[in-house]
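Me: I'm new to this one. Can you walk me through it, bit by bit?

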Amino acid sequence: MVHDEAAVLPPLGRSTTRSDLVAASIKAAILDGRLRPDELLVERRLADLLGVSKTPVREALIALTSSGLLMPTRNRGVAVRRLRAEDVQHVYEMRLLVEPWAAGQVATSGTFDAAEARRALEDAARFVEADDHAGLSLANRRFHRTIYSTCANELVVRSLDDLQDLTALGTVSLLWEQWPTWRAELEEHRELLAAVQERRAADAEALMRSHIQRSITRLRDERSRAVAG
């Protein structure tokens, strides 16, 4: 007898579990600076603060360690990751491989949420004026996600989600401390939005590539000076 596999095993879809919610809460605290690099995260304390058992906290910490936001410690605990210049450079190099392609694909298809992208840029402009780097970093993350999240390759989207988390952590804790580039980046985002909206795929891809490459060049130059010094 031949079974219809689709009927036997229908797709489950994605549900939001308690561990997902815990992970989202911890991630938000890391990216907005409430949890700082090298800060030790204790399961019991987090469970008490969030009003949950230790099991979803443990699952969330495992997931966030896998994504790179947390790192294991010597005593078998976990802490918020402190990114070195080399780490941040590697993150940007990975983004350079896929994010320009995704921007071009989305510009071609015209599938992205232009209204949400504009809201992210408006929030970013307010954070620039308020000198709120944590808020600005999260607004920039939202903007980039509106660009790439509707590309047709889910593997690219998931990879870029993790890379954007590390980018948000690296910009506040490292990049912007040395290079106050946030106003220039805001203008680059506006140019990128225009290219995607107008479905200029080649321009969108080129603008995203140069946007990411500028950060790689700064990090590379800084590391070269450090070695020479």
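Me: Where is Gln89 placed?
Reply: Gln89 sits in helix α5, residues 85–109. Helices here are DSSP runs of H or I with at least four residues, strands are E runs of at least two, and both are numbered from the N terminus. This is a predicted model: local features need pLDDT of at least 70, side-chain atom pairs count only at pLDDT 80 or more, and totals for chains, interfaces and linings use all residues. Residues are numbered from 1 along each chain as its sequence is written, and side-chain values use heavy atoms, leaving out hydrogens and water.

Me: Is Gln89 buried or exposed?
Reply: Gln89 is buried, because its relative accessible area is 5%. Buried means under 20% relative accessible area, exposed means over 50%, and partly exposed is in between (1.4 Å probe, protein chains only).

Me: Which residues does Gln89 touch?
Reply: Not counting residues up to four places away in sequence, Gln89 touches Ile216, Leu219, Arg220 and Arg223. Contact means heavy atoms within 4.5 Å.

Me: Where is Arg223 found, then?
Reply: Arg223 is in helix α10, residues 201–228. Arg223 is partly exposed, at 30% relative accessible area.

Me: What else is Arg223 in contact with?
Reply: Leaving aside neighbours within four places in sequence, Arg223 contacts Ala85, Glu86 and Gln89.

Me: How far apart are the C-alpha atoms of Arg223 and Trp101?
Reply: They are separated by 27 Å, and the two residues are 122 apart along the chain.

Me: New topic. What does UniProt place at residues 16–83?
Reply: An unreviewed UniProt entry lists "domain: HTH gntR-type" there. UniProt positions are given in the numbering used here, feature names are shortened, and annotations may be inferred rather than shown by experiment.

Me: How much helix and strand is there over 16–83?
Reply: That stretch is 53% helix and 12% strand. Its end C-alpha atoms are 29 Å apart.

Me: What is the strand order in the sheet?
Reply: The order is β1-β3-β2, in an open sheet of three strands with antiparallel pairing. The edge strands are β1 (40–41) and β2 (70–72), each pairing on one side only. Two strands pair if DSSP finds at least two bridges between them.

Me: How many bridges join β2 and β3?
Reply: Three bridges, in the antiparallel sense, with β3 covering residues 78–80. Met71 has Ala79 in β3 as its bridge partner.

Me: Which helix lies across those strands?
Reply: Helix α4, residues 54–67, lies across β1, β2 and β3. α4 runs at about 100 degrees to β2. Axes are lines fitted to C-alpha atoms, for helices over the stretch in contact, and angles run from 0 to 180 degrees between N-to-C directions.

Me: At what angle do α3 and α4 pack?
Reply: About 115 degrees, with axes 9 Å apart; α3 is residues 43–50. Glu43, Arg44, Leu46 and Ala47 in α3 meet Lys54, Val57, Arg58 and Leu61 in α4.

Me: And how do α6 and α7 pack?
Reply: Helix α6 (residues 114–130) and helix α7 (residues 133–148) pack at about 160 degrees, with their axes 8 Å apart. Contact residues include Phe127 of α6 and Phe143 of α7.

Me: Last one. Is Glu188 buried or exposed?
Reply: Glu188 counts as buried, at 16% relative accessibility. Glu188 is in helix α9, residues 182–197. Beyond neighbours within four places in sequence, Glu188 contacts His211 and Arg214.
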